[in-house]
Amino acid sequence: MSTADQPLVLGIETSCDETGVGIVRGERLLVDAIASSVEEHARFGGVVPEVASRAHLEAMVPTIERACRVAGIRPSDLDAVAVTSGPGLAGALMVGVAAAKALALSLGRPLYGVNHLGAHVAVDIVEHGPLPEPTLALLVSGGHSSLLLVPDVTADVQPLGSTIDDAAGEAFDKVARVLGLPFPGGPHIDRVAADGHVTIDFPRGLTTGREVERHRYDFSFSGLKTAVARWVAAREASGEPVAVADVAASFQEAVTDVLTRKAVDACRREGVPHLQIGGGVAANSRLRAMAAQRCEAAGIGLRVPRPGLCTDNGAMVAALGAQMVLRGRPASGLAFTADSSQPVTEVSV
Ligand code: KG4
Ligand code: ZN
């Protein structure tokens, strides 16, 4: 093994539109190289799978080379390779898995096929050190919104609840579209909302009455999305101007209120005083501020990685891969295939 017995691991992430290659040594991040095809998708208002796959193919080798150059390592220095095996877009995942297999085989190093969602949690280790065990994780991205109980990020991830319709990021993207903001909408709503005021009381799904008992740890954002669309349509029909910044701020307030309320409630009920937030929506400034405030008030330790490590990246895969090596988990071999619907409980394949 390399310096000071800390494994040098390269991670590859291609589950959506980001070609990410990260390199970590143990729990230290050396480089996080990213090539994004997001601009090629923007005009379609969503990620086009075939376009993403082709972009991954073109970006893969240059991104691996760049990551090694910036980290100052040779591929032969690597102790292991990790790759997102799922969930995600099938064709996009396949490009990453094929590249990772080729790299691991040519170097004669073990390969770890890991879960994208687990990697969103594990990335915080390279930011804030070892995860408390168990930790409670709120995972909010374009495809997922989940509350997870995580006794061991390399082997034991238990879903407590998830969205029953739209994911949080999906709601940001759809509402942005209604407001005439570009794709992906999350960062634009975040930016525009900073100049607005919370003037509209939009619905908070699954937070009142009987619904709470049945769906305590679940989320629902499609009613909120529809309420925003109706509100905007009514203003437009009556010829009134739409106060975009206020609508963005009010929508963002509703989403972040529900997410933080349920996450803090889960920590209390499960007796876990540690919350980790990950996934693209964790980059949201209001979510970060509200979570900080509510966790402090409830005596819960909060960890959220820097925004660049919340959205998809290769460092998260390298971080989880390194934990696999450090904890002596078995490698995946070369026979596995990408699994577009890999369950969150399957941390590695
Ligand atoms: O984790 P991620 O990069 O990809 C998936 O695994 O889905 O998450 C992407 C999602 C998109 O829906 C995007 O709009 C949202 O994260 N997002 C944000 C922000 N930055 C990215 N949502 C709200 N506020 C942000 N600042
Ligand atoms: Zn993601």
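Three helices, α1 (38-42), α6 (168-178) and α7 (185-193), each supply at least two residues of the lining of the largest pocket; helices here are DSSP runs (H or I, at least four residues), numbered from the N terminus. Of the elements, α6 gives the most to this lining, with 7 residues.

The model is predicted: local features need pLDDT of at least 70 and side-chain atom pairs pLDDT 80 or more, while totals for chains, interfaces and linings use all residues. Residues are numbered from 1 along each chain as its sequence is written, chains are lettered from A and ligands numbered from 1 in the order written, and side-chain values use heavy atoms, without hydrogens and water.

A pocket is an open set of points on a 1 Å grid over the protein atoms alone, where a 1.4 Å probe fits, with protein on both sides within 12 Å along at least five of seven lines; lining residues have an atom within 4 Å of a point. The lining of the largest pocket comprises 37 residues, and S141, G142, D173, F183 and P184 lie nearest the centre.

Which domains contribute to this lining? At least three residues come from each of domain 1 (3-123 + 313-326) and domain 2 (135-307), with bounds from an automatic or database domain assignment.

The domain centres, taken over C-alpha atoms, are separated by 27 Å. The contact (heavy atoms within 4.5 Å) takes 17 residues from domain 1 and 15 residues from domain 2.
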